[in-house]
Amino acid sequence: MRVQSLTLVVASAALLAPTTTPTAAAPGSAPPRPQVRPVPSEGAVPAADLLARVRDCAPVSKGHYRSDAGARADIPVCGTDDAVFWKADMDIDCDGRPGTRCNGRTDPYFSQHTAYQQSDGRDLDAETLPYIVVPLPSRIWDHGDHGVRAGTVAAVVYDDRVQYAVVGDRGPSGIIGEASYATAEALGIDPDPRRGGTASGVTYIVFKDTVANPIESHAAAVDVGERAARAFVGGE
């Protein structure tokens, strides 16, 4: 979880691999940023069908969230009988077990702990597990009152891609719009914890009273998420 205010850039939806050997960086310059290669959209429920279902907002939050510290508070949490959702940016959460991409050297806000832990008691791995961050309960909104807890499954939609994820961490009570390194990478969003993310265009749909068991199983999240998504768009 993080509190910083960052200027985010929108990553390319799908970058092609270079056909020539990259030119070496000049001494003292920053290393080139890695290209992001998104995996195909997960599941059989199209992004367009999910987005059509959340076109209208019936607010369930008592106020609005900010995308970053200092930004305007203009993001409501909306709800249906089956889900809660919000449309926001994506900041990169690299917290949890340290790895080659997420550690104290790569992320100045790095924490070795996530709000929720996997079945063996260890913290989650942001590099490999797609998870999203929900705000701490506040007078604005308490996610626990809406069937959202550790391991609740979400469909994260960006452009024409869908990525299933779990609720894996909690962030500042007044800010919304954050997901793990693995979530961003799979959606084709730059996952760099310092400079990555995207300033807008991400829809988070959290299916009430669902759970991936165990929380660290992405296969379980996809299975539960796709069934929930089919029901959500009227397929079941």
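Is Asp159 buried, partly exposed or exposed? Asp159 counts as partly exposed, at 42% relative accessibility. In this report, buried stands for a relative accessible area under 20% and exposed for one over 50%, with partly exposed in between (1.4 Å probe, protein chains only).

The model is predicted: local features need pLDDT of at least 70, side-chain atom pairs count only at pLDDT 80 or more, and totals for chains, interfaces and linings use all residues. Residues are numbered from 1 along each chain as its sequence is written, and side-chain values use heavy atoms, with hydrogens and water left out.

## Overall architecture

The protein contains 3 helices and 7 strands. Both kinds of element are DSSP runs numbered from the N terminus: helices are H or I runs of at least four residues, and strands are E runs of at least two. In order from the N terminus, the elements follow the pattern α-β-β-β-β-β-β-α-β-α.

The protein has 236 residues, of which 49% are buried. Its accessible surface, computed by the Shrake-Rupley method with a 1.4 Å probe, amounts to about 10900 Å². Carbon and sulfur atoms account for 51% of that surface. A contact is defined by heavy atoms within 4.5 Å. Where contacting residues of the protein are at least 6 apart in sequence, 75% of the contacts join residues at least 24 apart.

## Disulfides

A disulfide is taken to be a pair of cysteine sulfur atoms within 2.5 Å, and 2 are counted by this rule. Counted along the chain, the bonded cysteines pair in the pattern 1-2, 3-4. The table sets out the two links.

| Disulfide | S to S distance | Torsion about the S-S bond |
|---|---|---|
| Cys57 to Cys78 | 1.9 Å | -95 degrees |
| Cys94 to Cys102 | 1.9 Å | about -60 degrees |

The link of Cys57 and Cys78 is left-handed. Cys57 lies in the loop between helix H1 (47-53) and strand E1 (78-79), while Cys78 belongs to strand E1, so this pair ties together parts that are 21 residues apart in sequence. Cys57 is partly exposed at 38% relative accessibility, whereas Cys78 is buried at 5%.

The disulfide of Cys94 and Cys102 is left-handed, because the torsion about its S-S bond is about -60 degrees. Cys94 is buried, at 0% relative accessibility, and Cys102 is buried with a relative accessible area of 1%.

## Cavities

Rolling a probe the size of a water molecule over the atoms shows where empty space is left. On a 1 Å grid over the protein atoms alone, a cavity is a set of points where a 1.4 Å probe fits but cannot get out, and lining residues have an atom within 4 Å of a point. Grid points are joined across faces, edges and corners, and a volume is the space filled by probe spheres set on the points.

The count comes to 3 cavities of 30 Å³ or more. The largest cavity holds about 50 Å³ of space. Its lining consists of Asp91, Val133, Gly171, Pro172, Ile175, Ile176, Gly177 and Glu178. This lining has 4 nonpolar, 2 polar and 2 charged residues. In that grouping, Ala, Val, Leu, Ile, Met, Phe, Trp, Tyr, Cys and Pro are nonpolar, Asp, Glu, Lys and Arg are charged, and the others, Gly among them, are polar.

## Loop residues

Pro137 is located in the loop between strand E3 (131-135) and strand E4 (153-158). With a relative accessible area of 35%, Pro137 is partly exposed. Apart from neighbours within four places in sequence, Pro137 contacts Asp142, His143, Arg170 and Ser173. Pro137 and Ser173 are 36 residues apart in sequence, and their C-alpha atoms are 6.3 Å apart in space.

The loop between strand E7 (198-207) and helix H3 (218-232) holds Pro214. The peptide bond from Asn213 to Pro214 is cis, with omega near 0 degrees. Asp209 is also found in the loop between E7 and H3. Phi of Asp209 is near 60 degrees, a positive value in a residue other than glycine. With a relative accessible area of 59%, Asp209 is exposed.

Conventions
1 Å grid on protein atoms, 1.4 Å probe; cavity = no way out; pocket = protein on both sides within 12 Å on 5 of 7 lines; lining within 4 Å.
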